[in-house]
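Welcome, and please take a moment to look over the model below. We will then walk through a handful of its residues together.

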Amino acid sequence: MRTALETPAGRPVAAGLLIAATAAFLVTVPLFRHFFDVGVYYGAVGDWVHHGGRIYDYLSPGTHYGFTYPPFAAVAMLPMALVPWPAAVAVSITLSLVASALLLHWLAAPAVRRERWVRWFAFAVIGCLFALLEPVNDTFSFGQVNLVLCALVFADARLLATGHGKYAGVGIGLAAAVKLTPALYIGYLLVTGRRRQAATATATAAGATLLAALIDPAASRTFWSTALWDTGRVGSLSYVSNQSLQGVLARLGPYGDSRALWPACAAVVLAVWAYRCRAAVRAGDERAGFALTGLAACLVSPVTWVHHLVWALPALLLVTDSALRRRHRGLLVACAVSYVLLCASVVWLWRADSGGLDAFLGSNTYVWITLWLLVALPFGRPESVPATTAIRQYGGERIFRSDQRHT
């Protein structure tokens, strides 16, 4: 007997119900951030352009939060000064939607083809699952730029993976000029022997930074000499939203108060990252190398707010892909648990209290997931499509199933 998902008529109904349920969840459950971050960008750029203000002196009204990105980010956001606030919000949402669609296409399309899922329905399901993740809905709700930067970086991954590597590096360079975290991808190019692409990325980032310095020399001096080193501008390191190694240590209080401890932890993570990235490239898996770099960047950055963890999501998707390909039940369960935790906003249960073993484990949940992915992410060229026990044809579309066991 056919299920509703196996019929051309049933799939649109199922997709519609799933989209409606996802929308209802997003409207009623997660905290709405009122586009706070895009408001900071909009206010800082508007004050700079229309009132001759200084980018790094601007504070969002009623708060102590100001513009924290390099000066080129303000240059890239200059069009905001020409549009009203609703248009700025609409552009932010649209850019993140486009970036999400590109990332999901690049990362999930191989699995969709291999498993012979109905393409439009598979991407409808994947898109809804993606939207439920806390880092994703926070990115949209804050009006953050991380999804856009992630798409820029993975555009270079796609160029390298498809034999067009001589053009790679520009996306990484632009992303690093807007925000410092993606600069680790230049390190990835170096440790995997892509000196030409690393030079392209470095030159692009340097050129963009120089352009910003020519436009506003004072802002560049302020950022590189003062604002960059003032971690108080972005908030408390011990705040539960900071899901980095530094955040873990800060929440330990005096037990983690060692100037040598964080560099030592970061060095270990970077050593594991470099080793695994080189192995991934030797295995011909460029996507895994880029995903590993996103994980390492989240871990070693002094501040990794929950919405920054979109950089870790490609790894979760690729581990799930590998678990499906290998029919590995244990790995699928681990991915499912990680996914649920990343949707459940679990770290906020310890927002007011970070003392005790339960708080140490629970308030750092996303760090543990990131560490697990860094160590566990499989890589290698995709295996051939598994042998099937049933390939059935309905209305010109294939429904693929496999009972193959892997040892």
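Is cysteine 335 buried or exposed? Cysteine 335 is buried, because its relative accessible area is 3%, under the 20% limit. Keep in mind throughout that this is a predicted model.

## Cysteines and disulfides

Let us stay with the cysteines for a moment. A disulfide is a covalent bond between the sulfur atoms of two cysteines. With a cut-off of 2.5 Å between the sulfur atoms, the count here is zero disulfides. Cysteine 298 takes part in none, and the nearest cysteine sulfur to its own belongs to cysteine 150, 9.1 Å away. Cysteine 298 is also buried, at 3% relative accessibility.

## Two positive phi angles

Phenylalanine 35 is not a glycine, yet its phi is positive, at about 55°. Its place is the loop that runs between α1 (10-28) and α2 (36-51). With a relative accessible area of 17%, phenylalanine 35 falls under 20% and so counts as buried.

Arginine 327 is another residue other than glycine with a positive phi, in this case near 55°. You will find arginine 327 in the loop between α15 (313-326) and α16 (329-343).

## A buried glycine in a loop

Glycine 165 sits in the loop between α7 (146-161) and α8 (170-178). Although it is in a loop, glycine 165 is buried, with a relative accessible area of 13%.

Which residues does glycine 165 contact, leaving aside its neighbours within four places in sequence? They are Leu159, Leu160 and Gln197. A C-alpha separation may also be handy if you are checking distances: glycine 165 and arginine 194 are 29 residues apart along the chain, and their C-alpha atoms are separated by 9.0 Å.

## A threonine inside a helix

Our last stop is threonine 293, which belongs to helix α14 (residues 286-300). Threonine 293 is buried, and its relative accessible area is 0%.

What lies around this side chain? A polar atom of the threonine 293 side chain is 2.9 Å from the backbone oxygen of glycine 289. Setting aside neighbours within four places in sequence, threonine 293 is in contact with Leu184, Tyr185, Tyr188, Trp273 and Cys277.

Methods:
Residues are numbered from 1 along each chain as its sequence is written. This is a predicted model: local features need pLDDT of at least 70, side-chain atom pairs count only at pLDDT 80 or more; totals for chains, interfaces and linings use all residues. Side-chain values use heavy atoms; hydrogens and water are left out. Helices (H or I, at least four residues) and strands (E, at least two) are DSSP runs, numbered from the N terminus. Buried means under 20% relative accessible area, exposed over 50%, partly exposed in between (1.4 Å probe, protein chains only). Contact means heavy atoms within 4.5 Å. A polar contact is a pair of N or O atoms within 3.5 Å; within protein, one must be able to donate a hydrogen and the other to accept it, and residues adjacent in sequence count only if both atoms are side-chain atoms.
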